[in-house]
Each structure stands twice: as structure tokens, then as C-alpha cells.
Amino acid sequence: MANALPGQKAGEVTATPNPSEFHVYGPRHLSSPSWWDLLRSSWKDPNYRRMVIACFIQGVYLLELDRQDKRDERTGLAPQWWRHFMYRLSQTLVDERDGSIYGAVLEWDRRALLAGYAPFRPAGAPAAVVALRGTLLSGATFRRDVVDDLRFLAWDSLKGSVRFAGALAALRSAARRHGAGSVCLGGHSLGAGFALQVGKALAKEGVFVECHVFNPPSVSLATSLRGFAETAGEVWGRVRAWLPYVGSAAAAAAPAAADASGEAKEVSLERAGTAKWLPHLYINTNDYICCYYTDAAAGTATVTARGGGGSGSSKAAGGDGGMGKPGLARMVTVSKGPTNFLDAHGLQQWWADDVELQVALNHSKLIDRQLRSLYAAQPASPQGSL
């Protein structure tokens, strides 16, 4: 018979802590907001911001697992992951087809803050956070998750999903209620794919919310085909530029006209104007699902953010504050951390104390391609069109 633990009565059985509990699996050194935050808010620290939003997304994973295991508000594991930071569950995003929870809207809990003798929300703390989880490979939601995974793999788009519509409606509602500047959007894995596309859809409406995406999917057949077409176009351009030297004078004039036409069509984001919406991307290059975001874009086709809104003044890991060069897309990668795939794709690394981050290549080919339609000059519509 095993000896009793110190302070344990003979015959008393101690409950084994669940490995998903916040105090077991969560960050070790993230403080709960207090009156001190009114003077110097922890939310102004981008590392704190990244870690807390990652915790919120972990809470959404646990919301679905709590539902599957029939845990209630009192016994559930999920609330621990936002209550510690003085937030409360305002809305759950439910897939009506199977009842699974794929997202949540968390709002600042003013009553919890008052209990800590702090009269108002600390500077930089969002009033609401829309958090979206990724794929769960077990349980009743497996089928719906994988269908959306395959949808992205085939089409590089999630717009046809029921969850896309639900997430967009929730984000739009939160922005209207609290103001876009007080709302954050976050997602992991498949949820990061939804976050990117939902945030972009709202940006097209002129509403710009801060967006944090962890391990966003970067592999799809559609992207691969477009990449092949772009490569073929570049090769043909080089061949076309070489042809005048072996052809006639008429052939020499053709490339110039073609280049002028091509330049009119290929407006880089750098020259298209000021970008107002840029997501924060967190990438582990050992994760083959998201690693292609670090592929460099050619030429000057670079996302710019001069005068961008949202969290443009915040800093992240890195010697330059994590923002990279002024006016470029914000991407942070793991320089020292998990290397095997399961851990490299995991969420836990983004709140771990021992992970080392660095600013990644800012000229991202995928980000440039995804946001080009948002900021490139739109062609004028023909007169008389309906």
C-alpha cells in the first residue's frame, strides 16, 4: 500500500489533476490583472498578448471537449483559461449540424475586475476576443473538422463553410458593439485559416480588427497550382525578354507593350497604397502545415502597413520590437523550440516560457497573394454596366 502524502489523512483518496487544467498545462508566469495594471498594463507587452490569446484558443478546444465529456460550468476545464485573465464567456459558436463548439466570444469581465479593486479595463486589453479552434482528431466533431480541412486543401478557401458564416457574424457583431479597435480575433491551425479569411472579409467592409493566427494552414492544391502558374509566367517573361535580340524590330517592340500591360495588371501591394489590416502570424518552420508562409515574395510585391490601425504600435519578440522593418507584414517564428511535427504544430509552444522567437522574413509570398485583392487597385467597371 502506498504511503499517504504529507497532509493527507489515512484512507483519503486524492484526485489526480487533469493534464488540461490551467494550473497544470498553462503558462507559469502570467499574472492576473490587478490594480497595478492600471498604471502599467501587461497587455501592452506583445509577448503577454500573444500568450493570453493562445490561452483563450486553448479554452475553446476545451469547451468542445467539456461538451463531449458532459462537464458543466462548475466542473468544466475551459473557464479556467479565460477567468484567470478577467474574461468571461459571452457567446459560443456552435456548428448546428453536429452541435460542436468551434469558437467563442470572450468579453472583459468588469465584475471580476471590480472584485480585484480595479475600476476599469487596463490599457491595451481588448474588450472582446473572438477565438477559433482547429481540428480535433477525436470525438463527434471529427467529421466536420476534416471536411473543412479538405475544403481548404482543395480550394484554398473556407467561405463555403457554415462555420465561416458563423464566425464572420460573431466578429461583425463584436466590432459593432465594442468598436473594431477594441476587438481581437485569434485562431489556431484550421481556426487560424478561418481567422485569416474572416478578418479579410471584414476588412473588405472597411472594418479592421486585430488578428493573431497561430500555425495557419499554408498547403493547398489551389495554392500549388497558382504557384506553378506564377513560376511558368516568370520563366516565360525571361524568355520573352530574350527574344528581341534574336528577332525582328517588331518583336523587340512587343515585349515593351506586353510589360506595360503586365505592369498595369500586376500592381504590387507596396504601390497600391497604405494597408490598414495585417494579421500577426506565428509560425514554426518545423510544422509543414504552416511553414510555407516564410517563402519570400519576389520583387517589391510586399504587404505594407504604413499608418496601419489596430495594434500597429505594439511590439513583439525580436531586437526591433518584433515588428520587423516599418511598414511590413508582421510574422514571428520559433528560433528555438519544438522540432517534431506534433509539438511544432501545437498551441502550447506559444505560451511556453522557454520558447525563443524571432522576426521572420517579411516579404511573404502567401501573405502577399492573400491580401493582394484587398489592397491592389481595382479595375474600373465598364460604363453602362448594371
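**View 1. Phe22 and Trp81 are both buried in this predicted model.** Phe22 belongs to helix α1 (residues 22–25) and Trp81 to helix α3 (residues 80–83), so the pair ties together parts 59 residues apart in sequence.

**View 2. Tyr48 and Phe85 form an edge-to-face aromatic pair.** Here the distance is 6.4 Å centre to centre, with 85 degrees between the planes. Tyr48 sits in helix α2 (residues 46–68), while Phe85 is in the loop between α3 and β1 (87–95), so this pair ties together parts that are 37 residues apart in sequence. Tyr48 has 6% relative accessibility and counts as buried; Phe85, at 0%, counts as buried too.

**View 3. Ring pairs link a cluster of aromatic residues.** Across the whole structure, a search finds 15 aromatic pairs.

**View 4. The largest nonpolar core has 42 residues.** Leu132, Leu171, Leu185, Val209, Trp277 and Tyr293 have the most contacts inside this core. Elements that give two or more residues to the core include β2 (100–108), α6 (162–178) and α12 (365–375). Helix α7 gives the most, with 9 residues.

**View 5. Leu185 and its contacts.** Setting aside neighbours within four places in sequence, Leu185 is in contact with residues including Val130, Leu132, Leu171, Ala195 and Val209. Elsewhere, a second, separate core of 41 residues includes Ala54, Val60, Leu77 and Val355.

Note on methods
Residues numbered from 1 in each chain as written. Predicted model: local features only at pLDDT ≥ 70, side-chain atom pairs only at ≥ 80, totals over all residues. Heavy atoms only, no water. Core = buried A, V, L, I, M, F, W, Y, C linked by side-chain atoms within 4.5 Å. Buried < 20%, exposed > 50% of the residue type's maximum accessible area, 1.4 Å probe, protein only. Helix = DSSP H or I, 4+ residues; strand = E, 2+ residues; numbered from the N terminus. Contact = heavy atoms within 4.5 Å. Phe/Tyr/Trp six-rings, centres within 6.5 Å; stacked < 30°, edge-to-face > 60°.
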